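This report examines a predicted protein–ligand model. Please keep the sequence and the three-dimensional structure in view while reading.

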Amino acid sequence: MTSMEYLKLAEAFEIIEVTRKRLEMTDMLAELFQQTPVNEIEMVIRLTQGKIAPDFEGIELGISDTLAQEAIYQATRIPKITIKRLWISGGDTGTVAYEAMEQKKQTPLFTDKLDVKNVYDTLIDISKASGTGSQKFKLKMLAFLLHNSTSLEAKYLARTFSGKMRLGLANMTIIDALAVTYATKEDRDKVEWAYNTCSDLARVGKLLAEKGLEGLDDISLEVGVPLRAMLCERLPSIPEIIEKLNDKCAFEYKYDGLRIQAHISDDKIELFTRQLENVTSQFPDIVKMLAPAFHGKECVIEGECVPVDINTGEMLPFQVVSRRRGRKHELGSAVDEFPVMLFLFDCLYLDGQDYTQTPYTNRRKMLESCIFESERVKLAEVLITDDSEKADEYFQNVIGKGGEGIIAKSLADDSFYRAGSRGWNWIKFKRDYKTEMADTVDLVIVGAFSGKGKRAGNYGALLMATYNADEGVFETVTKLGSGFDDEMLAALPELLDEHKIDKPHKLVNSKMKADYWFEPAIVLEVRGAEITLSPIHTCAINLAKENYGLAIRFPRYMGILRQDKGPEDATTTDEMLALYDIQSNRGGE
Ligand code: AMP
């Protein structure tokens, strides 16, 4: 059977690219699908998306700009400097290839017409090439494709090489076009559901083309194939949230990290992000901790992966996790440097049963029933209430502990997991956007915690306090663990041991139980990201809010030991309150 000409595709892309209206794009695409042989629809959809496989398979072409430029040169033989200039003058890969082909001196004597199958197969061969000689092989294949193409084909081939099709075509438009072509407009929800469940439009298209709408019955949640993530709406106040969710809901801690969908079976654990990227190889530690947590279970669960400081126990900013990503080759050290915890909040599949179409309460029950919690894998915290004051107190508590906010989850009979959609079953409520602390502060060391990991045998984190000048006491405000270089760490025992005492100093007001206590003597300069309300620190307790003190989040030692300052010269509680006010006012602006 002959394959569809690639030129047909390129011509359709050319029209779609300049079309603005979604309806017109849908019509164009539907026309293209109608002309596509059934056995090629999968390839056509992938090429339209500029892909050769679904995102979650992580198959990449691995073509650098330099390689693409060299291929354009080999196929056209126009001076390299001209190609470079076209590149610099802002053209995208596609425009450069198009222009270069237009400027090509002579038309070659022998060319083969490109068809969809040989373009797709060649791209697959390119993606498989690895090791020595692979660059040479890729170059030969790219040049072969360009050599046999017209200028228009070259434009879209080059864009496929770079992974950016620039057609302005949303997946939702492809779904519309598939529904119109193989079923009716009214069936688009079913088509969308199929896509949200298998995350692969080309597979959906193939089933539709082969068997019509019934073909989609073949799609179901499969372990190893990620579902598109459910998302949340937002509302500005807790009472509005409670009202929207029929007067009662579950409020979960909103962790600030990286969403992970874990697919667990006997012999394999795979991790996917919200963008459906397979990140299993970047988080070997998560794989290792999930294995005992779900021993003997086959399940699909979701949670948030959060970096933690093993010495302070504090959750760290999300960016710390992203530092680990992309470090495929030196992962070993990154895993130790940035340990993570996983807080699980949903169970979509368990031992042969798809739970997505069951209510939240049931899914949470399933999750609780199948997990063995550990220090690093835990259930997400939850509070079920109909009382907005209790919910607000919980919210403050979460913020105090460094959380981003809360997510209210519906308890209704239809509170299903709606893959790929933003809905009112989940409503987020975050704190106002934060600002940086206005100044550094000088804090007194009043206690310390034993070190873990690289700091084992030494102090891991220090309990720091402000000075309450009115009452003549020291009030704890943060646990300080970062900013110390090796030299300072090594010097800590000598510095502190002469001040060591066996219980909290009588002038130290602390709700926390440190492993070591010191008389207030040593002052360090500290900068934090922000000041928050905290139920566990005593600085300015009850002054900003009843039962709450102030805490510094993400504190960092600035490398300055304030030998010029005695403990009573440290930042006072009043000053902290003033800094908190400045920060709150700025935040409100
Ligand atoms: P946002 O990114 O602000 O729209 O918030 C939604 C994200 O919050 C989700 O995609 C998750 O990554 C994250 N998240 C953190 N904690 C939870 C939780 N308990 N339930 C659901 N999502 C959570």
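The sections below go from the overall chain to the ligand site and then to selected elements and residues.

**Basis of the description**

Residues are numbered from 1 along each chain as its sequence is written. The model is predicted, with local features requiring pLDDT of at least 70 and side-chain atom pairs counted only at pLDDT 80 or more, while totals for chains, interfaces and linings use all residues; side-chain values rest on heavy atoms, with hydrogens and water left out.

**Overall architecture**

Four domains are assigned: domain 1 (6–162), domain 2 (171–218), domain 3 (231–434) and domain 4 (441–585), with bounds from an automatic or database domain assignment. The C-alpha centres of domain 1 and domain 3 are 40 Å apart.

Of the 589 residues of the protein chain, 55% count as buried. Buried denotes under 20% relative accessible area, exposed over 50%, and partly exposed the range in between, using a 1.4 Å probe and protein chains only. The accessible surface of the protein chain is about 27400 Å², and carbon and sulfur atoms contribute 48% of it; accessible areas come from the Shrake-Rupley method with a 1.4 Å probe, and for residues only the protein chains shown count as cover. Among contacts in the protein chain with a separation of 6 or more, 71% are between residues 24 or more positions apart, a contact being heavy atoms within 4.5 Å.

**The ligand site**

Which residues are closest to the ligand? They are Arg259, Arg274, Glu304, Lys409 and Lys428, within a shell of 14 surrounding residues; a residue is near a molecule if one of its heavy atoms lies within 4 Å of it. The shell divides into 6 nonpolar, no polar and 8 charged residues. In this division, Ala, Val, Leu, Ile, Met, Phe, Trp, Tyr, Cys and Pro are nonpolar, Asp, Glu, Lys and Arg are charged, and the others, Gly among them, are polar.

A backbone N or O atom of Tyr255 is 3.0 Å from a nitrogen atom of the ligand. An N or O atom in the side chain of Lys409 lies 2.8 Å from a ligand nitrogen atom, and a polar side-chain atom of Lys430 is 3.2 Å from a ligand oxygen atom. On its own the ligand has 500 Å² of accessible area, of which the protein covers 90%. The elements giving two or more residues to the shell are β2 (249–254), β10 (405–410) and β11 (422–430).

**Helix α3**

Helix α3 (residues 41–49) is largely enclosed by the rest of the structure, because 8 of its 9 residues are buried. The buried residues are Ile41, Met43, Val44, Ile45, Arg46, Leu47, Thr48 and Gln49. Their cover includes α1 (6–18), α2 (22–35), α7 (116–128), α10 (171–182) and α12 (201–211). Just after α3, Gly50 adopts a positive phi of about 70°.

**Individual residues**

| Residue | Relative accessible area | Class |
|---|---|---|
| Asp346 | 1% | buried |
| Ile219 | 3% | buried |
| Thr538 | 5% | buried |
| Asp247 | 49% | partly exposed |
| Arg166 | 51% | exposed |

Asp346 lies in strand β6 (residues 340–350). Its side chain makes a polar contact of 2.7 Å with that of Arg363; within protein, such a contact is a pair of N or O atoms within 3.5 Å, one able to donate a hydrogen and the other to accept it, and residues adjacent in sequence count only if both atoms are side-chain atoms. Beyond neighbours within four places in sequence, Asp346 contacts Val300, Ile301, Glu302, Arg363, Leu367, Tyr417 and Trp426.

Ile219 is in the loop between α12 and β1 (231–234). Not counting residues up to four places away in sequence, Ile219 touches Trp193, Ala194, Thr197, Cys198, Arg203, Val204 and Leu207.

Thr538 occupies the loop between β19 (530–534) and β20 (549–553). Leaving aside neighbours within four places in sequence, its contacts are Glu475, Thr476, Asn509, Ser510 and Lys511.

Positive phi values also occur in residues other than glycine: near 55° in Arg166 and near 75° in Asp247. Arg166 lies in the loop between α9 (151–162) and α10, whereas Asp247 lies in the loop between α13 (238–244) and β2.

How values were computed: Helices (H or I, at least four residues) and strands (E, at least two) are DSSP runs, numbered from the N terminus.
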